Amino acid sequence: MKRLVKTVLNVSLLVSLVLGVDAGPGISGAQAIWQAAETIGDKGQLTGHTRDAFDIAVSPTGEYVASASFDGTTRIWHTTDWTLLHALPGHANWVGSVDFSPTQPILATGGLEGQVQIWDLASGDLLHSLTDAKKGILALSFSANGELLATAGLDHKIRIYQTAAAVQDWKLRHTLEHHPGGISSLSFSPDGKYLASAGFNDLAIRIWEPQTGKLLQLLSEHREEVNVVRFSPDGKYLASGGADKRIILWDTQTLRPLTRLAGHLKPVWSLSFHPLLPLLASGSVGDQSIRLWSLPQGVNIQTLTKTSANTYGLAFSPQGQTLFSAHDDAKVRVWQDLEGITNPADALRFKLGLSWELSKNPAADTLGLDLFLTNQGAQDFENVEAEVRILTPDVSLQTSVQRFFIKRLEMDRRKLLPLRFDLPPGFSQANLELELVISSAGAEALTLPIRVPYTPRGSK
């Protein structure tokens, strides 16, 4: 058997592909660059509160952003021109939480006096008050279909309300009482089947079945109390942050920790998933930073430092171009992605690594070339077509054009594209010239030139 001489060439070629795909449109979170939106408000700051801004929420359409404050008011801004729509003065004490209904033009706010107030978004009128809680409300969450509202706070209880077209007809459905302390955070899964909760004096995250009120699972991994929990928009992950300064990314299928994110110097208090990208924003109480993480690897890709000590609330806009944060200096900060994506549904950007292995038989006029495509981005990509063409004269592929279909290329995985060439007798070119054409449905094809060094037979 003839001995094969194998040359392994790893090249540092990184390309950004812009491909349209059906699942999860957006851009790679690792490529986004965020900074304060200095053309908005006072250098990217919305002002008007007189005390800490403690929570933040964005309307389903992205038209409004609402902030809850220790000054007892909730302020609602238009995001089109950043004018103030309403300053709602209804609570007698701190406003601890705020959330927009995903299906009705209403806003829910929770106060330290224990009331949950429901507001008409257009007029700013108070429509109804839920007064079942005896102590302060710190967490509110609507289910994605708007049929349930969960509330919780300092009385150690979670209340789940069945909503209706008329807010006066909302009914208390369940009262959940297994928390040992006050409850600081609630989050519904996107399909509404699960509710996650976390609170004070408690190292565990609780997973509930909101339709029945049944406690399903305790997740215990944090070393100190858990302050915040959030489900990802696709339901694949649950993120939690705690007083141990860590963020834990949980796999919702196995309910096991997937990644542990470390970097904050003080307790983690706020989290928000990007609506389209594998990206998580986090804030703490004390370290004057907001951190952005690529998922699921948990790489801290950017740290925003032009902020005050405490970041109490975080929320991305529905299309993900804007991030809002609420702080202890009474300000709401507005951050924008410098990539300037105006329609994230049009494109999905990946990083692709290219390497190859060249195998030649010294006794035959044949050559083997194995191309490897490695997904070095922050998201899987699917349904991609690759086509290899030979450009060197007199060299031919054993098939005229070699086509490959990549059904799915997962993060940090590589795809083998095996090629076989027929060489002319006495071939002595120093390089083999190829081009790789990559395309996806609905996106312009990308052509990559490839030059493979070749050592002719007999050369040293």
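This is a predicted model: local features need pLDDT of at least 70, side-chain atom pairs count only at pLDDT 80 or more; totals for chains, interfaces and linings use all residues.
A search of the whole structure finds nine aromatic pairs, where rings of Phe, Tyr and Trp (for Trp the six-membered ring) count as a pair if their centres lie within 6.5 Å, with planes under 30 degrees apart called stacked, over 60 edge-to-face, and the rest tilted. One of them is formed by F70 and Y312, a tilted pair with 6.1 Å from centre to centre and 40° between the planes. F70 lies in the loop between strand 5 (64-69) and strand 6 (74-78), while Y312 belongs to strand 28 (residues 311-316), so the pair ties together parts that are 242 residues apart in sequence. Strands here are DSSP runs of E with at least two residues, numbered from the N terminus.

Residues are numbered from 1 along each chain as its sequence is written, and side-chain values use heavy atoms, with hydrogens and water left out.

Back to the rings. F70 is buried, and so is Y312, buried meaning under 20% relative accessible area, exposed over 50%, and partly exposed in between, with a 1.4 Å probe and protein chains only. A second pair is made by F142 and W170, whose ring centres are 6.2 Å apart and whose planes stand at 85°, so this pair is edge-to-face. F142 sits in strand 12 (residues 137-142) and W170 in the loop between strand 14 (158-162) and strand 15 (171-176), so parts 28 residues apart in sequence are tied together by the pair. Both F142 and W170 are buried. Ring pairs also link F54, F70, W94, F200, W269 and Y312 into a cluster.

Four of them form an open sheet in the order 20-21-22-23, with antiparallel pairing; two strands pair if DSSP finds at least two bridges between them. Strand 20 (226-231) and strand 23 (256-262) stand at the edges with a single partner strand each, so one side of each is left without a neighbour in the sheet. Neighbouring strands of this sheet are turned by 20° against each other on average, direction ignored, where axes are lines fitted to C-alpha atoms, for helices over the stretch in contact, and angles run from 0 to 180 degrees between N-to-C directions. Strand 20 is joined to strand 21 (residues 237-242) by five bridges, and F231 has L238 in strand 21 as its bridge partner.

Which residues does N300 contact, leaving aside its neighbours within four places in sequence? They are R291, L292 and W293, contact meaning heavy atoms within 4.5 Å. N300 has its place in strand 27 (residues 299-304) and, at 29% relative accessibility, counts as partly exposed. Its side chain makes a polar contact of 2.6 Å with that of R291, and reaches the backbone oxygen of Q302 at 3.0 Å. A polar contact is a pair of N or O atoms within 3.5 Å; within protein, one must be able to donate a hydrogen and the other to accept it, and residues adjacent in sequence count only if both atoms are side-chain atoms.

N310, in the loop between strand 27 and strand 28, counts as buried at 15% relative accessibility. T109, found in strand 9 (residues 106-111), is buried at 0% relative accessibility, and a polar contact of 2.9 Å joins its side chain to that of W119.

Finally, confidence: the protein averages a pLDDT of 84, and 82% of the residues score at least 70, pLDDT being the predictor's confidence in each residue, from 0 to 100. For residues 1-31 pLDDT stays under 50, and the model has 98 contacts beyond four places in sequence for them; over residues 340-350 pLDDT also stays under 50, with 40 such contacts.

Methods: Helices (H or I, at least four residues) and strands (E, at least two) are DSSP runs, numbered from the N terminus.
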